[in-house]
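Please read them with the sequence and the model open.

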Amino acid sequence: MKKNKSVNIRLIESAYRDKFKSLFTCAYLINGNERAAESVIMKVILSNPVPDDKNNDEIYSLIKDMAMKSSSAEYSALFAFSGDMSSIKSPLSEWIMTLDEKKARVLTLKYALGLSVKEICLITGENSEKVKAVLDKGRVRANSEGKGQKLAVHHLKAACREVAESACFPPDFNAILRSVERIIEDKNASSDHAFSVKPILSYLVTGVLMAVIAAIVWMTVVLIDYFREPVQAVRPAFPIFSQSPEITEE
């Protein structure tokens with residue numbers, strides 16, 4: 001069993017190590033809290049420990065859904081780009097970081113993560129008009145970079161991905177992996193314990209039921225005997241027809 005567990009952990013590590021930073025960043029940008037983002041990552045790993053390499057979109061969808069559920073107004077109010085922004089190099093990315101954090105977050109949520117206006121409104125607490133105004137401003141700025149209108153959105157997406165990659169410092173993946181391993185081991189131990197206890201409980205329940213049935217049968221027999229009246233021969237009080245009188249002559 002130990003061997004199987006170690007194999008599982010190695011498979012999990014192989015499946016998630018390369019994409020861990022981007023998954024964590026995705027969760028952090030949505031719910032705005034590092035601890036909550038860490039919890040989201042662990043839940044996704046435990047629910048889908050060895051995802052299909054050909055379907056990364058499914059993992060990112062899980063991250064987005066769980067992060068949306070754990071987002072709150074409190075987290076949004078405390079959100080900050082807490083990573084190393086010194087690595088940002090493109091002029092458009094630098095311009096994004098001159099905006100206030102809420103507007104910069106709106107742009108990254110849209111163009112780095114592909115969220116809808118409605119989802120961005122739920123995350124940030126802004127109304128749709130303000131969100132759309134920020135997105136329009138970003139497209140206008142991208143057009144002014146001289147890339148042409150067709151390439152403006154593509155250029156904006158690349159800039160927002162660069163901002164997103166520097167948005168936060170993800171936790172140590174090895175620490176996440178150890179936590180996942182402990183959870184799996186605890187679940188396996190609980191499952192083994194339940195499996196070993198189940199036959200004993202089954203025997204106990206069966207024995208109790210048999211004892212109850214035997215008691216019911218015994219009580220039934222006793223009650224029947226108690227209420228049954230003995231069958232006796234009844235003699236008539238006036239035996240008129242029990243014997244013929246003798247006829248005498250006077």
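1. Basis. This is a predicted model, in which local features need pLDDT of at least 70 and side-chain atom pairs count only at pLDDT 80 or more, while totals for chains, interfaces and linings use all residues. Residues are numbered from 1 along each chain as its sequence is written, and side-chain values use heavy atoms, with hydrogens and water left out.

2. Overall fold. The protein chain has eleven helices and zero strands; helices (H or I, at least four residues) and strands (E, at least two) are DSSP runs, numbered from the N terminus. Along the sequence the pattern reads α-α-α-α-α-α-α-α-α-α-α. Of the 250 residues in the protein chain, 30% are buried. Buried means under 20% relative accessible area, exposed means over 50%, and partly exposed is in between (1.4 Å probe, protein chains only).

3. Helix 2 and helix 7. Helix 2 (residues 20-31) packs against helix 7 (residues 101-111) at an angle of about 130°, and their axes are 10 Å apart. That angle makes helix 2 oblique to helix 7. Axes are lines fitted to C-alpha atoms, for helices over the stretch in contact, and angles run from 0 to 180 degrees between N-to-C directions. Angles under 35 degrees count as roughly parallel, over 145 as roughly antiparallel, 65 to 115 as roughly perpendicular, and the rest as oblique. Helix 2 and helix 7 make a left-handed crossing. A crossing is left-handed if the near helix is turned anticlockwise from the far one by less than a right angle, and right-handed if clockwise.

4. Helix 3 and helix 4. The angle between helix 3 (residues 34-47) and helix 4 is about 135°, with the axes 9 Å apart. Helix 3 and helix 4 are therefore oblique to each other. Helix 3 passes helix 4 in a crossing that is right-handed.

5. Helix 8 and helix 9. Helix 8 (residues 117-124) and helix 9 (residues 128-143) pack with their axes 9 Å apart, at an angle of about 110°. The two, helix 8 and helix 9, are therefore roughly perpendicular to each other. The crossing in which helix 8 passes helix 9 is right-handed.

6. How many salt bridges does the structure hold? There are four salt bridges, each being a side-chain nitrogen of Lys or Arg within 4 Å of a carboxyl oxygen of Asp or Glu. One of them joins the side chains of glutamate 126 and lysine 102 (3.3 Å, N to O). Because glutamate 126 is in the loop between helix 8 and helix 9, and lysine 102 in helix 7, this pair ties together parts that are 24 residues apart in sequence. Glutamate 126 is buried, at 19% relative accessible area, whereas lysine 102 is partly exposed at 39%. Glutamate 126 also meets the side chain of lysine 130 in a salt bridge (3.9 Å, N to O).

7. Aspartate 136 and arginine 139. Another salt bridge joins aspartate 136 and arginine 139, whose closest N and O atoms are 2.1 Å apart. These two, aspartate 136 and arginine 139, are three residues apart in helix 9, so about one helical turn separates them. Aspartate 136 is partly exposed, with 37% relative accessible area, and arginine 139 is partly exposed, with 31%.

8. Is serine 166 buried or exposed? Serine 166 is buried, at 8% relative accessible area, and is found in the loop between helix 10 (149-165) and helix 11. Between serine 166 and isoleucine 88 there are 7.5 Å in space, C-alpha to C-alpha, although the two are 78 residues apart in sequence. Leucine 62 lies in helix 4 (residues 56-70) and is partly exposed, at 25%. From leucine 62 to leucine 23 the C-alpha to C-alpha distance is 10.0 Å, for 39 residues in sequence.

9. Surface patch. Which residues form a nonpolar patch on the surface? Val208, Val212 and Ile216 do, with about 270 Å² of accessible area together. Accessible areas come from the Shrake-Rupley method with a 1.4 Å probe, and for residues only the protein chains shown count as cover. Patches are made of residues with over 30% relative accessible area and no salt bridge; like charges are joined within 9 Å and nonpolar side chains (Val, Leu, Ile, Met, Phe, Trp, Tyr) within 5 Å. Valine 212 is in helix 11 (residues 173-227) and counts as partly exposed at 43% relative accessibility.
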